[in-house]
Amino acid sequence: MNTPKLFIVIPCYNEQEALPITAGRLTELTDDMIRREIIAPESRVVLVDDGSKDETWRIIAELHGRDARFEGVKLAHNVGHMNALWAGMTLAADRCDCLISIDADLQDDVNAMYGFLEAYQRGADVVFGVRSSRKTDTWFKRTTAQGFYKLMGKLGVEMVYNHADYRLLSKRALEALLSFSEVNMFLRGMVPMLGFRTAEVTYERGERVAGESKYPLKKMIAFAMEGITSLSNKPIRYVLLLGALCALLGLAMAIYVLVAFIQHRTVAGWASMMMSIWLLGGLQLMALGLIGEYVGKIYMETKRRPKFILEEHLK
């Protein structure tokens with residue numbers, strides 16, 4: 001059985017409180033894995049500083065200075081969680097046998113990595129970390145998250161239920177993923193599209209080890225919109241169907257008005273007219289906004305801007 005060189009990639013944004021705790025746990029974990037010959041001694045932990053405004057980079061540099069297994073990647077400015085993760089994967093792709101991505105807050109159980117590597121040794125190219133329950137979430141977050149997964153399924157997007165960005169990718173799966181060239185990325189929907197052999201490992205999600213959540217309600221809504229519009233064009237089709245329905249209703253209303261006029265039953269209908277104007281006006285604005293969202297994504301894709309700009313790499 002080959003001992004794989006594992007790279008653990010962790011995007012970090014303003015994680016000065018969590019990083020020392022995270023580094024300690026990962027040091028213990030990788031020490032144990034190396035001792036048991038589960039991973040190679042050349043394995044690394046790649047900490048990607050996504051333009052943090054606190055002491056995150058200083059802590060990363062100190063970790064690298066004390067322990068060579070910690071690599072530091074400093075991005076020139078904040079590019080968002082997905083792009084920061086992409087940067088770490090890009091820089092690790094040619095040096096690892098497999099890669100695991102995990103968030104810096106360690107809400108995802110690091111011990112699940114043992115199961116990840118077991119599945120990898122059995123031949124899985126992609127191993128998804130799947131939450132066994134959502135009992136640590138509030139009722140609102142649990143309900144909206146479950147609704148989001150169901151909605152994505154209805155829109156034809158293949159996603160793993162209760163999976164976030166905690167996963168293992170083999171070298172060939174990682175290289176295949178990095179061949180995707182789009183700017184508007186939604187990795188939770190892109191990874192299942194690879195088509196390699198997959199496995200799932202369940203775990204219990206805990207609380208943040210320190211610091212504050214980087215995903216308030218506003219960002220969660222933006223994240224959901226990004227996923228929907230990046231991976232499915234069905235909303236545009238639904239707008240077309242809605243427009244057709246409105247046209248049929250308009251035709252029925254025209255026939256009704258014409259019959260009423262012939263029968264001399266017409267009455268000045270201010271209320272119905274205003275209701276129709278507001279209803280149709282609102283639908284039109286919604287449709288234009290949705291179409292604009294897609295046009296905006298096309299606009300960003302045509303620019304072909306880099307997903308990240310590297311400022312410094314400690315390795």
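Q: What is the relative accessible area of Arg 58?
A: Arg 58 has a relative accessible area of 41%, so it is partly exposed. Buried means under 20%, exposed over 50%, and partly exposed in between, with a 1.4 Å probe and protein chains only. This is a predicted model, where local features need pLDDT of at least 70, side-chain atom pairs count only at pLDDT 80 or more, and totals for chains, interfaces and linings use all residues. Residues are numbered from 1 along each chain as its sequence is written, and side-chain values use heavy atoms, leaving out hydrogens and water.

Q: Which residues form a salt bridge with Arg 58?
A: A salt bridge puts a side-chain nitrogen of Lys or Arg within 4 Å of a carboxyl oxygen of Asp or Glu. Arg 58 pairs with Glu 55, closest N and O atoms 2.8 Å apart. Arg 58 also pairs with Glu 62, at 2.7 Å.

Q: What separates Arg 58 and Glu 62 along helix α2?
A: Helices are DSSP runs (H or I, at least four residues), strands likewise (E, at least two), numbered from the N terminus. Arg 58 and Glu 62 are 4 residues apart in α2, so about one helical turn separates them.

Q: Which residues of α2 are buried?
A: In α2 (residues 56-66) they are Thr 56, Trp 57, Ile 59, Ile 60, Leu 63 and His 64. Seen down the axis, they fall within an arc of 160°, so they line one face. The arc is that of the directions from the helix axis to the C-beta atoms. The face turned away carries the exposed Gly 65 and Arg 66.

Q: Where does the pair Asp 165 and Arg 188 sit?
A: This salt bridge has its closest N and O atoms 3.8 Å apart. Asp 165 is in strand β6 and Arg 188 in helix α7, 23 residues apart. Both are buried.
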